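User: Hey, I'm new to this one. Can you walk me through it?
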Amino acid sequence: MPRHPPTMKSYKYLYPKIYSIRNLCIAYRNARKHKTKKEYVIEFESNLRENLLQLQKELKEETYKPEPLKIFILRDPKTRKISKSAFRDRIVHHAIHQVIEQIFDKRFIYDSCANRKGKGNLFALKRFYKFKKEVSKSGKVLSDFTKDNNYVVGYCLKADIKHYFQDVNQNVLISILRRKIKDEKTINLINKILKNYPDKEKGMPLGNLTSQFFANVYLNELDQFVKHKLKAKYYIRYVDDFVILHENEIQVKVWKFYINKFLKENLKIELHPEKSRVIPLSRGIDFVGFRTFYYFRLLRKRNIKKMQIKIKLFKEGKISYEKLLESFHGWQAYAKWANSHKLKEKVLNKIKEARAPQSPKLE
């Protein structure tokens, strides 16, 4: 593990803040956002005061125990195993997050882009564009003989962690959290949530708020190594997907070697051997849902297929027209960041063809 200064501030007495009724009320409101019509939310709210007081009592007396996770497969189009926590457990996740987020977030690097306020995939995309411009010297073409203006200077390590959420080592994560959290009751509560995962030694449930946050805490170790040990200037990470840009191909390959070594030795994870490659910037880089060249940007085929699947589901009567429109408007807001005018028109026409006669007009 990287050594940290002994004077690094740590935090005690966090546990009472987590189970305070005020914190639990805020956590409940956050957990119910966009889910107010769900049966489990309505059921919890039917006896809201008593349910929150009971949750507080269990936390205070340290008798709280998470309910078993509900596992289901999501194909959109990538197949993922999602773990769904009970609503009361999600309230606890929010309650923890609300107390400890600020402790860790201020140590994160600027270009850690996922699941953080003011960041996100479009933030990562803009940073990639800025870095690409600087590394390629504002689009300097490699050869005066080529007619392809995207054939620019520079290389990119496009990397992905192999089975990240499945392989996060729970003991390593707890040891990282302990550096800042000197409250054993808070650590024990976090441990209960981690051990609720089928594998008691490694892995975190994909879908939990705490898993998203701990994913950043865990890979902040990598971020600090890349920025302060390797001194890589042009580095961006989005969850377990990251890029490093440099004008020299050999330098990027050397960094890749040391990064994989660091991951294996310190975090007990590794780079995905097939998805972690050094690529010339001229070939276009797949990152945060787009394939970015110097002068234009395309949507990933996976993102296009996702919208096609929604149209297919509507045709089969498996989703409503309103749900299809909701998906399209969300997809359109994302697609506008690519050179996709003709593509959007094509998708819109397919929706119009599939539209039921009685459905409202598509704007």
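Predicted model: local features only at pLDDT ≥ 70, side-chain atom pairs only at ≥ 80, totals over all residues.

User: Okay. What share of the residues count as buried?

Analyst: Of the 363 residues in the chain, 48% count as buried.

User: And what about the radius of gyration, what would a compact globule have?

Analyst: For 363 residues, a compact globule would come out near 21 Å, and the chain has 23 Å, which agrees. Taken along the principal axes, the C-alpha atoms fill a box of roughly 75 × 65 × 30 Å.

User: How many helices and strands are there?

Analyst: The chain has 14 helices and nine strands. As for contacts with a separation of 6 or more, 71% are between residues 24 or more positions apart.

User: Let's go inside. Which residues have the most contacts in the largest nonpolar core?

Analyst: That core has 69 residues, and the ones with the most contacts inside it are Ile91, Ile100, Phe242 and Ile259.

User: Pick Ile100. What does it touch?

Analyst: Leaving out residues up to four places away in sequence, Ile100 touches Leu14, Ile181, Ile190, Phe213 and Phe214. There is also a second, separate core of 37 residues, with Phe128, Tyr321, Trp331 and Tyr334 among them.

User: Switching topic: how many residues does helix H14 have?

Analyst: H14 has 14 residues, 341-354. From first C-alpha to last, H14 reaches 20 Å, close to the 20 Å expected at 1.5 Å a residue.

User: Which residues of H14 are buried?

Analyst: Those are Val347, Ile351 and Ala354. Looking down the axis of H14, the buried residues fall within an arc of 65°, so they line one face of the helix.

User: Why would residues a few places apart point the same way?

Analyst: An α-helix has 3.6 residues a turn, so residues three or four places apart point the same way.

User: Nice. What covers the buried residues of H14, and which residues are exposed on the other side?

Analyst: The cover includes helix H12 (301-315) and helix H13 (321-335). On the other side of H14, the exposed residues are His341, Lys342, Lys346 and Glu353.

User: Last one: where is Lys261?

Analyst: Lys261 is in helix H11, residues 249-267. Lys261 is partly exposed, because its relative accessible area is 37%, which lies between the 20% cut-off for buried and the 50% cut-off for exposed. Lys261 and Ala232 are 29 residues apart in sequence, and their C-alpha atoms are 16 Å apart in space.

Note on methods
Residues numbered from 1 in each chain as written. Heavy atoms only, no water. Helix = DSSP H or I, 4+ residues; strand = E, 2+ residues; numbered from the N terminus. Expected span 1.5 Å × (residues − 1). Buried < 20%, exposed > 50% of the residue type's maximum accessible area, 1.4 Å probe, protein only. Arc of directions from axis to C-beta. Contact = heavy atoms within 4.5 Å. Core = buried A, V, L, I, M, F, W, Y, C linked by side-chain atoms within 4.5 Å. Rg over C-alpha atoms; globule rule 2.2 N^0.38 Å.
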